[in-house]
2 protein chains.
Amino acid sequence: MAAPSTTLNRVIPFQVGVEIVVFSIDITADNLQVLLGETGCGRWQLPGAEIQAAESLEQAADRVLRQTLRVDNLYLEQLYTFGGPGRDSRETPYQRYLAVSYVALVRLQTTTLLQEHRTVTWHPVQALPPLVGDHRQIVAYGYRRLRNKLEYSPVAFDILPEEFTLNELYQVYTLVLGPQFSDYSNFRTRLLKLGFLVDTGHKICRGAGRPATLYRFDREAFQPYQNQPLVFV
Amino acid sequence: MAAPSTTLNRVIPFQVGVEIVVFSIDITADNLQVLLGETGCGRWQLPGAEIQAAESLEQAADRVLRQTLRVDNLYLEQLYTFGGPGRDSRETPYQRYLAVSYVALVRLQTTTLLQEHRTVTWHPVQALPPLVGDHRQIVAYGYRRLRNKLEYSPVAFDILPEEFTLNELYQVYTLVLGPQFSDYSNFRTRLLKLGFLVDTGHKICRGAGRPATLYRFDREAFQPYQNQPLVFV
DNA sequence: ACAAAAGTGTTTTTTATACACCCATGC
DNA sequence: GCATGGGTGTATAAAAAACACTTTTGT
């Protein structure tokens with residue numbers, strides 16, 4: 001237990017940062033994108049920063065997000081921590097680097113990109129440019145988590161406006177899970193039967209066609225489903 | 001972006017450690033327990049250690065586990081990273097502490113406790129002693145993760161022996177998920193229909209009663225279900 | 001009137017649930 | 001031969017999946 005301290009088993013300090021996989025949903029354009037910053041050498045990277053003295057990990061993630069993006073509603077969750085030796089080029093024998101990654105989901109319509117020093121832009125998930133280090137793997141991991149979360153948790157309501165149509169809700173699901181996840185009419189029936197979507201009585205017109213009913217998410221009525229698997233799908 | 005470095009926004013080094021929630025399943029005694037070490041002041045803590053210079057996070061977790069336990073098969077997965085300011089009493093204005101937590105699952109029958117300096121023992125999940133800091137919350141989080149993982153992933157086969165009976169498999173599920181999760185006969189039918197449990201032809205006698213068939217988990221036949229939700233339950 | 005978008009209903013298939021019952025072994 | 005644990009089958013209920021159809025709006 002109290003073995004002599006060699007170069008191998010000694011304890012070394014870490015520099016800790018956060019890295020965020022920000023997904024944006026564009027309901028109208030049917031587009032799921034990831035936020036990436038240019039490194040200058042032809043490769044791209046996830047937005048990130050080192051943790052500052054007084055902030056929590058989640059606060060750091062939120063700060064990074066708000067330094068690049070103006071956004072109203074968002075979903076943010078810790079994803080995974082990467083800290084193996086050799087994962088950061090700045091590493092020395094006396095200093096290692098650790099990244100706590102986060103996934104976020106926003107609606108493109110409610111966000112504005114804040115242009116900073118580096119170029120930060122949206123990239124379609126299906127056609128990512130070359131990424132630095134293990135960032136491609138982090139995106140893949142975040143994408144998987146997002147799909148799971150959407151199925152089992154009410155994350156869609158975190159990014160939708162207070163009042164929304166069932167079609168908008170359906171769009172969120174099809175965009176992330178693919179259109180084959182469910183037929184609209186069945187999705188509709190299932191969700192309404194669960195009873196946590198309340199009809200506000202308001203209607204909204206989108207060009208031609210019958211006006212859509214606006215619904216509201218009732219968190220209290222959702223409680224019974226909180227810890228149950230497979231509420232949506 | 002390049003704001004002056006004050007006491008608040010400066011970057012500080014972290015001491016990084018792992019903490020493990022080790023669950024043990026005792027099939028015969030119908031008992032789910034957590035491994036805890038005594039601190040000396042009446043409170044208990046999760047097994048943990050600082051990351052050493054050359055090891056990865058998972059290697060550190062594995063090392064901690066094997067310093068306390070001799071174990072054959074186990075399931076080990078990263079859980080969550082806790083790193084907010086004020087979570088460790090050793091914290092100073094120039095140094096913060098971060099814990100990457102892991103969950104593990106073992107079978108009590110295949111483990112031997114290695115008695116070290118501190119007293120480390122098993123405690124029933126339903127009756128935990130007072131824990132230090134946020135450790136109770138970490139256990140709760142690990143328990144939730146374990147239940148979810150068991151339902152969606154083939155973790156049970158990581159801890160069962162190469163050949164096992166359907167009853168042993170059922171015990172693993174009932175122990176973690178509670179006996180109301182499914183009736184044995186339905187569990188049986190459902191799992192066999194999925195086709196990734198192969199009959200080895202071997203039989204085993206457990207005292208009185210008809211001898212049980214020994215099955216083997218076929219990872220290849222499981223592939224199609226890999227990324228699909230709700231395979232078990 | 002007709003296309004477009006919203007919303008309802010029906011039929012078929014699959015899966016879940018609750019059991020009752022048969023089989024092989026030890027004592 | 002009967003208790004014990006192992007294993008099969010069936011009947012019913014519920015849910016998922018597919019898809020036809022109606023309703024309300026703009027043009």
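**Briefing: core, strands and DNA surface**

Leaving aside neighbours within four places in sequence, Gln33(A) is in contact (heavy atoms within 4.5 Å) with Val22(A), Phe23(A), Ser24(A), Leu108(A), Trp122(A), His123(A), Pro124(A) and Val125(A). This is a predicted model, in which local features need pLDDT of at least 70 and side-chain atom pairs count only at pLDDT 80 or more, while totals for chains, interfaces and linings use all residues. Residues are numbered from 1 along each chain as its sequence is written, chains are lettered from A and ligands numbered from 1 in the order in which they are written, and side-chain values use heavy atoms, with hydrogens and water left out.

- Gln33(A) belongs to strand E2 of chain A, where strands (E, at least two residues) and helices (H or I, at least four) are DSSP runs numbered from the N terminus.
- Gln33(A) is buried, with a relative accessible area of 10%; buried means under 20% relative accessible area, exposed over 50% and partly exposed in between, with a 1.4 Å probe and protein chains only.
- Seven of the eight residues of strand E6 (residues 75-82) of chain A are buried, so E6(A) is largely enclosed by the rest of the structure.
- E6(A) pairs in the antiparallel sense with strand E7 (residues 96-107) of chain A over seven bridges, pairing being assigned if DSSP finds at least two bridges between two strands, and Leu76(A) stands opposite Ala104(A) in E7(A).

**The largest nonpolar core**

- A nonpolar core is a set of buried Ala, Val, Leu, Ile, Met, Phe, Trp, Tyr and Cys residues joined through side-chain atoms within 4.5 Å, and the largest one has 48 residues, of which Phe23(A), Leu169(A), Phe196(A) and Leu197(A) touch the most other members.
- Helix H4 (residues 166-177) of chain A supplies the largest share of this core, eight residues.
- Domain 1 (11-151) and domain 2 (162-225) of chain A both give residues to this core, so it lies between them; the domain bounds come from an automatic or database domain assignment.
- Not counting residues up to four places away in sequence, Phe196(A) touches several aromatic residues, among them Phe157(A), Phe217(A), Phe222(A), Tyr225(A) and Phe232(A).

**The open sheet of chain A**

- Three strands of chain A form an open, antiparallel sheet in the order E10-E12-E11.
- Strand E10 (164-165) and strand E11 (197-204) of chain A stand at the edges, each with a single partner strand, so one side of each is left without a neighbour in the sheet.
- Two bridges join E10(A) to strand E12 (residues 212-217) of chain A, with Phe164(A) standing opposite Tyr215(A) in E12(A).

**Loop residues with positive phi**

- Asp30(A) has a positive phi of about 60° although it is not a glycine; Asp30(A) is placed in the loop between strand E1 (14-26) and strand E2 (31-38) of chain A and is exposed, with a relative accessible area of 54%.
- Asp30(B), also not a glycine, has a positive phi of about 55°, and is exposed, with a relative accessible area of 53%.

**Surface around DNA strand D**

- Of the 19 residues around DNA strand D, Ser185(A), Asn167(B), Arg188(B), Arg210(B) and Thr213(B) come nearest, a residue being near if one of its heavy atoms lies within 4 Å.
- Sugar and phosphate account for 61% of the atoms of DNA strand D that come within 4 Å of the protein.
- A polar side-chain atom of Ser185(B) lies 2.9 Å from a base oxygen of DNA strand D, and one of Arg210(B) lies 2.9 Å from a base nitrogen.
- An N or O atom in the side chain of Thr213(B) is 2.6 Å from a phosphate oxygen of DNA strand D.

Key: A polar contact is a pair of N or O atoms within 3.5 Å; within protein, one must be able to donate a hydrogen and the other to accept it, and residues adjacent in sequence count only if both atoms are side-chain atoms.
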